[in-house]
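Here is a short briefing to read alongside the model. Keep the viewer open and follow the topics in turn.

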Amino acid sequence: MSVMIELRNVTKTFHAKDQELHAIQSVNLTIQSGEIFGIIGRSGAGKSTLVRCMNLLERPTKGHVLIEDQDLMTLSPKELRQARHRIGMVFQHFNLLSTRTVFQNVAFPLELLKRDRDAIHAKVTQLLTLVGLSDKAHHYPSQLSGGQKQRVAIARALATDPAILLCDEMTSALDPETTLSILELIDDINEKLGVTIVLITHEMEVIKEIADRVAVLENGYIVEEANVFELFKAPQSEAAKKLLTKALKLELPNHLKEKIREYPVNGDHPVLRIRFFGDIASKPVIDDLIKHFNVEVNILQGNLEYLHSDMMGILVISITANADVLLQVKNYLRERNIVVESVGYLSH
Amino acid sequence: MTEEIILAIGQTLYMVFVAGLIAVLIGLPLGILLWATRPQQLFAHTGFNRALGFFINALRSIPFIILMIAIIPFTRLMVGTSIGTAAAIVPLAMAAFPFVARVMENALVEVPYGLIEASQAMGATPCQIIYKVLLREAMPSIVNGITLMIVTLIGYSAMAGAVGGGGLGDLAIRYGYERFQVSVMVITVVILIVMVQCIQWLGDAIARWFSKSR
């Protein structure tokens, strides 16, 4: 694998009146050719600015942006425009030209390159087939649904045969079902055309669905970078943990949360959150626990997910165990590669 | 009398459309410049933007009747005379082009910034962005603005009588007002109403044609 995108020490500072806003702070990032790379963070974390630094829609205040070993920061405006033909981009609000038909929208980047009519016709037809909109070629954007608009935008971004596709919150304006179909399309494009994909999102669902690796952005810093399975398995940063809790619906319902305290009062049962991955997920862990320690286990909340083909399970359980037994239980689980976290103690 | 009315209609249309055409030819590029030099736009330049904005505002604040008289030397330079229909065109165009420039600027501001960003990401040059994206997307607003300008020019053209420009307004004043021929006054006013209605209808139709796709 070769390196497709490399950000070296990229910093972006905005100056507004008397204030300085540090949108991106010394970001180093390497994205391999053919990868689907996710960048996740809450709104305001600097995600959109970071992705705009990759095609210099935002010029970094400091640092280097290397695309296929070419430093975009050193290019003339003309060379930069040429380099941008290798970098497609898709936006949250589609940004289609409302006065052009679907066909004309997809043809637009080719018109900019002054390709001849036949070449444009062939390419646009092929792309519309790829995104499944052949029958809508002569519709206007206003006649399309959100998902269809995004498909047009994807086709348009691919018109110049880019090596990279930057996706800025591409599914944030879409409903969950449409989101999935768009993500499938992106996965398909990545596989068929070998296009490197950079996905900006605030939704862990999107990352979970198709990303290979992920960077977590907070306050302009990359606070964590991992392959997606590792991130789900053992998130290191607070930001990642928060995003995961939300995505995996790990928040306990309020009526339970209220009953959980930090320190035990006589007769309280400890509450654990356990995560298990891969093979172990198919084994009767809870059953073993009950038999082995002669405890009662109560499942308060549970979630089973698949990351690509790997299974991942998360359970919140309460156990009838005293401090000694609890310690043994924890060790027993950890020996079996299960991640254990204490949540607190459940009062009666 | 009929002949005079027909002649006046011709004069009004001639003055309005030639002045309008000149105003669009000057105002359109100025409007694009006004927009493009705004902060954070393609050719952001605060100083130039402010200077141009001031110049355009200044022209727009001069009452038409005063402008017409004040620029008589300039008119004479341009068309060789300061009297007649041709001479009226110069001040009319002068009054209309700053209006067109502002209309143009506002129409471009309404185009979502995302479209410019998307075009830049596709490697479009600034000229391509203006020509292929902004002007096309803003066309309905531009057409509406030009319709508004033409209707305003019809009103102004009534004052062109002051420099012997003729036209319907002039006819109404000379016969209807000064010679108490109420019927002439009524007829010219009715013709003006019909004319304005037709232009508005045509302008709306063209604007609708440009925006039919949205």
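Residues 24 or more positions apart make up 70% of the contacts (heavy atoms within 4.5 Å) in chain A with a separation of 6 or more. This is a predicted model, in which local features need pLDDT of at least 70 and side-chain atom pairs count only at pLDDT 80 or more, while totals for chains, interfaces and linings use all residues. Residues are numbered from 1 along each chain as its sequence is written, and side-chain values use heavy atoms, with hydrogens and water left out.

**Overall picture**

- Chain A has 12 helices and 15 strands, taken as DSSP runs numbered from the N terminus (helices H or I, at least four residues; strands E, at least two).
- Along the principal axes, the C-alpha atoms of chain A fill a box of roughly 80 × 50 × 40 Å.
- Of the 348 residues of chain A, 54% count as buried (under 20% relative accessible area, with exposed over 50% and partly exposed in between; 1.4 Å probe, protein chains only).

**Nonpolar cores**

- A nonpolar core is a set of buried Ala, Val, Leu, Ile, Met, Phe, Trp, Tyr and Cys residues joined through side-chain atoms within 4.5 Å.
- The largest such core has 60 residues, of which A:Leu128, A:Ile154, A:Leu165, A:Ile186 and A:Met204 touch the most other members.
- Helix H5 (residues 146–158) of chain A gives the most to this core, with six residues.
- A second, separate core of 58 residues includes A:Leu7, A:Ala23, A:Leu112 and A:Leu217.
- Leaving aside neighbours within four places in sequence, the contacts of A:Leu165 include A:Met89, A:Ala157, A:Ile186 and A:Ile197.

**Helices H11 and H12**

- The axes (lines fitted to C-alpha atoms over the stretch in contact) of helix H11 (residues 285–293) of chain A and helix H12 (residues 323–335) of chain A come within 11 Å and cross at roughly 140°, on a scale from 0 to 180 degrees between N-to-C directions.
- H11(A) is therefore oblique to H12(A), the class left after roughly parallel (under 35 degrees), roughly antiparallel (over 145) and roughly perpendicular (65 to 115).
- Residues that meet include A:Leu289 and A:Phe293 in H11(A), and A:Val329 and A:Leu333 in H12(A).

- A:Asn9, found in strand E1 (residues 3–16) of chain A, has a positive phi of about 55° although it is not a glycine.
- A:Asn9 counts as partly exposed, at 38% relative accessibility.
- A:Lys114 also has a positive phi, near 60°, and is found in the loop between helix H3 (102–112) and helix H4 (117–130) of chain A.
- At 67% relative accessibility, A:Lys114 counts as exposed.

Notes:
Chains are lettered from A and ligands numbered from 1 in the order in which they are written.
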